[in-house]
Amino acid sequence: MSTYNLTEILVGGVVLAGAVAFGVYASQSTGFSQNRTGYELGASFRSLEGVGVGTDVRLAGVKIGTVTNVSLNPDTYRADTSFSVAEGVLIPDDSAIIISSEGLLGGNFVEVMPGGSPFYFEAGDEIEDTQGAVSLISLLVKFVAGDDSE
C-alpha cells in the first residue's frame, strides 16, 4: 500500500511542476511579467484585421513593444490604436507603420518601417503614415476575377 502512495506523490509532483512551468511560460510569452517601461505612440488604420491588444510591435523583426489599446473612431470610421515602445528605442518621425503577416497561415503583427529623419517621435505622438491589413481572401478574389476576364 505504501508503493501506491509513493507513486501518487511522485505523479502529483510531476503534474504540479508542469503546471508551474506552464504558468511561468505563459506569463513571459504574454508580457504579463515584464516591466512596462517605455513610451506610448498612436496610429489610425483603415483595417486592423488580426490585430488586437497584446499584439507584437516589431522593428526589423525584433519585438519592440505591444499594442495597448484599440478603438473605433466614430468620426473617421478608422481603428485608432495605441502601442508601447520599449525605452531606448528611438523611431524616426518620418517612419511608417503597417500591419504585416507572419506568413500564409500565421497571425498579424504591427511593423514599424523606419524613416531617415534625424528627429524622433516622442511619447504621445501619432504616426500618420499607416497601412492597414491586406485581406488574402480579397486578393485571391481579385486574382481569380482578373484571370476570368481575359
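Reply: In this predicted model, eight strands form an open sheet with mixed pairing. Their order across the sheet is β7-β1-β4-β3-β2-β6-β5-β8. At the edges lie β7, residues 126–127, and β8, residues 130–131, each of which pairs on one side only.

Strand β2 covers residues 56–59 and strand β3 covers residues 62–73. The two pair in the antiparallel sense, over four bridges. Among the residues involved, R58 has K63 of β3 as its bridge partner, and V57 stands opposite G65 in β3. The hairpin that joins β2 and β3 has two residues between the strands. In that hairpin, A60 takes a positive phi near 55°.

T66, for example, has S84 of β4 as its bridge partner. The hairpin of β3 and β4 has four residues between the strands, and there Y77 takes a positive phi near 60°.

As to what holds such neighbours together, strands of a sheet pair through backbone hydrogen bonds, in either a parallel or an antiparallel sense. In a regular strand, moreover, the side chains alternate between the two faces of the sheet.

Methods
Residues are numbered from 1 along each chain as its sequence is written. This is a predicted model: local features need pLDDT of at least 70, side-chain atom pairs count only at pLDDT 80 or more; totals for chains, interfaces and linings use all residues. Side-chain values use heavy atoms; hydrogens and water are left out. Two strands pair if DSSP finds at least two bridges between them.
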